[in-house]
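Welcome! Please take a moment to look over the sequence and the 3D view before reading on.

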Amino acid sequence: MARLLLPAQLSVVSRRTLAELLYRSPPFNNRIVHFKPVISSRIVSKSRDFRLFSTANSPQDSATSSQENERSGKEDMVSNELPPPEEDNGGLRRVKEEYPSGEFEFEEVSGWRSFVVKLRMLIAFPWQRVRKGSVLTMKLRGQISDQLQSRFSSGLSLPQICENFIKAAYDPRISGLYLHIEPLNCGWGKVEEIRRHILNFRKSGKFIVGYIPICGEKEYYLGCACGELYVPPSAYVALYGLTVQASFLGGLLEKIGIEPQVQRIGKYKSAGDQLARKSISKENYEMLSKLLDNIYGNWLNVISSTQGKKSDEIENFVNQGVYKVDRLKEEGWITNIHYDDEVISMLKERLGVEKEKKLNMVDYRKYSRVRNWTLGLCGGKDQIAVIRASGSISRARSPLSVPSSGIIGEQLIEKIRSVRESDRYKAVILRIDSPGGDALASDLMWREIRLLGESKPVIASMADVAASGGYYMAMAAGVIVAESLTLTGSIGVVTGKFSLRELYERIGFNKETISRGRYAELFSAEQRPFKPDEAELFANSAQNAYKSFRDKAALSRSMTVDQMEAVAQGRVWTGGDAESLGLVDAIGGMSRAVAIAKKKANIPQESQVRLVEMSRPSPTLPEILSGIGSSLVGVDQTVKEILQDLTSSSGVQARMDGIMFERLQGLSYGNPIFTLIKDCLSSL
């Protein structure tokens, strides 16, 4: 949403995007994958180590080729709406480069290494021990952060979820995985990353059983990747399709006497529309329709590939409005209908556990304490730094913000400089999950990332969204990797202020301003609209900010200004479209970013490297208390975000508008009252 320049009496208003739309990457389908000769490569981190086996010098991973096949039925629709691809115009367009895929391949542990692993398990701390024959249980529900979480945090962490999948694949004490999938409140990028790890886990030969009590599109997308999928007889089935919503407060603000004076540069830059308009614009409708087509089309293609059916068959089934669990079983969408206790009894029988005895189970949080060292998943002398940037962008920390709240430009710059000045790191992965924010902070970070790239390779890896200010950061990297449905682009800016003249007249309030200087009252006189010369200056200032963003994007992506203008204009693209337009270099997840970083740093793909997280969780006492409160109330994070937005600074914003993609009936575990409060705060 737009952050507006507000009167001092009203303090600051919020501008946080409400929903995360988002995206999925090229799918690994339930099919036999043909592997080219693979060189084993163990990639580990300081306390988050894992092993990957990457296909060296593969132009695109098997997921990408799979995605291309799945999208073939939608190709005409996509190509007709994209600007024609530019050829090498004056030698500025960067040459298409082949990148390693970073695809995971399971390697059996045997011999001496197996003995060492068993020995380490014997001497591990009690809280790191797991009984032999255990089943790892993970419950995926609600929000999933792209940041590492401390043990006191109540939320789920994507890096730790993925790490647990890899550890469990190699852990001889883990017999299989029981995955509970509840309603998810995250983007398609994270969903795809998890799905990829589900399929990677299956390569170990261990079973993975999915259980879904509430079956929506995202939940089924993950569940169908499991070898087996069960639902209870009373499960809520909500496979009705996807929607996108855009709300507008222009009429409401008009009735109460508030006039938003918004400058948004770029015909597709919809940030600010929620305040200034009463209905959706033609350009915004076009953009949102295209995004929804891509997401829904990819969902149909993945499900059809998994079930061995045509996309039309899947779409026809969805359009029948299926709500009965029996229909899912009849059509082969699930394995069977069982209650949770029946699934556990089935697992007991499979593992040879007597009925009266308890099944050995270890949950996500306890298993997260198991160190990779215990399993022999660590090593390597070459180090790659991982800098994570998640959330809304602000330049400095506000009084009410907490260490984990958004991207604080000053703090991220310190991390970037420390990595640049260190000789320890051979390359850097900048992991971004942000809709943008403060344009000044974005530009300052862009500069530091560019300087970092002069000393070592920098690879940007996009999660759910890296748009506006998020893309501003990414474009400074040497290579950009995104999931095929990551929301990105939105190269544009927005700024504005409120004119409260009519509101003041209605309530009998008056304010007189004495000033010196022609434009001294540009932002301070909220009791009146802009004068003509003030409006012209305000518009020129916003145009200047946009041109700076656009020109730096052209420079960063080796494009002419005209080429960049054709794909800028504030338009949001999916990762797959952005890749064809030159805004993104490769499609894939974190593993592919690591493989590319190794290539750029001249590290052989078969060599071990160590991933060093630069943002380690270090909870303070307030955070510990917050974690406790979260488990009791479940609304602390919402309150934090509201307080943070209220105390954020105003200015020109490089921010993607809030986009709400959801099921038709909008199932959510979020408190609707707090959702309404956030929506209003981010729109005033």
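## The annotated site

Keep in mind that this is a predicted model. An unreviewed UniProt entry places the feature "active site" at Lys-269 and Ser-468. Although these positions are spread over 200 residues of sequence, they cluster in space, with a largest C-alpha distance of 9.7 Å.

## Lys-269

You can find Lys-269 in the loop between strand 12 (259-265) and helix 8 (273-276). Its relative accessible area is 3%, under the 20% cut-off, so Lys-269 counts as buried. Leaving aside residues up to four places away in sequence, Lys-269 touches a set of residues that includes Ser-468, Ser-490, Arg-655 and Met-656.

## Ser-468

Ser-468 lies in the loop between strand 20 (458-467) and helix 16 (469-474). With a relative accessible area of 0%, Ser-468 is buried. Among the residues it touches, again not counting those up to four places away in sequence, are Lys-269, Pro-435, Gly-436, Ser-490, Phe-549, Arg-655 and Met-656.

## Two helices side by side

Now turn to helix 14 (residues 409-420) and helix 15 (residues 439-455), whose axes come within 10 Å and cross at roughly 10 degrees. Because that angle is under 35 degrees, helix 14 is roughly parallel to helix 15.

Helix 14 contributes residues including Leu-412, Ile-413 and Ile-416 to the contact, and helix 15 contributes residues including Leu-444, Met-445 and Glu-448. By class, the contact has nine nonpolar, two polar and three charged residues.

Key
Residues are numbered from 1 along each chain as its sequence is written. This is a predicted model: local features need pLDDT of at least 70, side-chain atom pairs count only at pLDDT 80 or more; totals for chains, interfaces and linings use all residues. Side-chain values use heavy atoms; hydrogens and water are left out. Axes are lines fitted to C-alpha atoms, for helices over the stretch in contact, and angles run from 0 to 180 degrees between N-to-C directions. Helices (H or I, at least four residues) and strands (E, at least two) are DSSP runs, numbered from the N terminus. Angles under 35 degrees count as roughly parallel, over 145 as roughly antiparallel, 65 to 115 as roughly perpendicular and the rest as oblique. Contact means heavy atoms within 4.5 Å. Ala, Val, Leu, Ile, Met, Phe, Trp, Tyr, Cys and Pro count as nonpolar, Asp, Glu, Lys and Arg as charged, and the others, Gly among them, as polar. UniProt positions are given in the numbering used here, feature names are shortened, and annotations may be inferred rather than shown by experiment. Buried means under 20% relative accessible area, exposed over 50%, partly exposed in between (1.4 Å probe, protein chains only).
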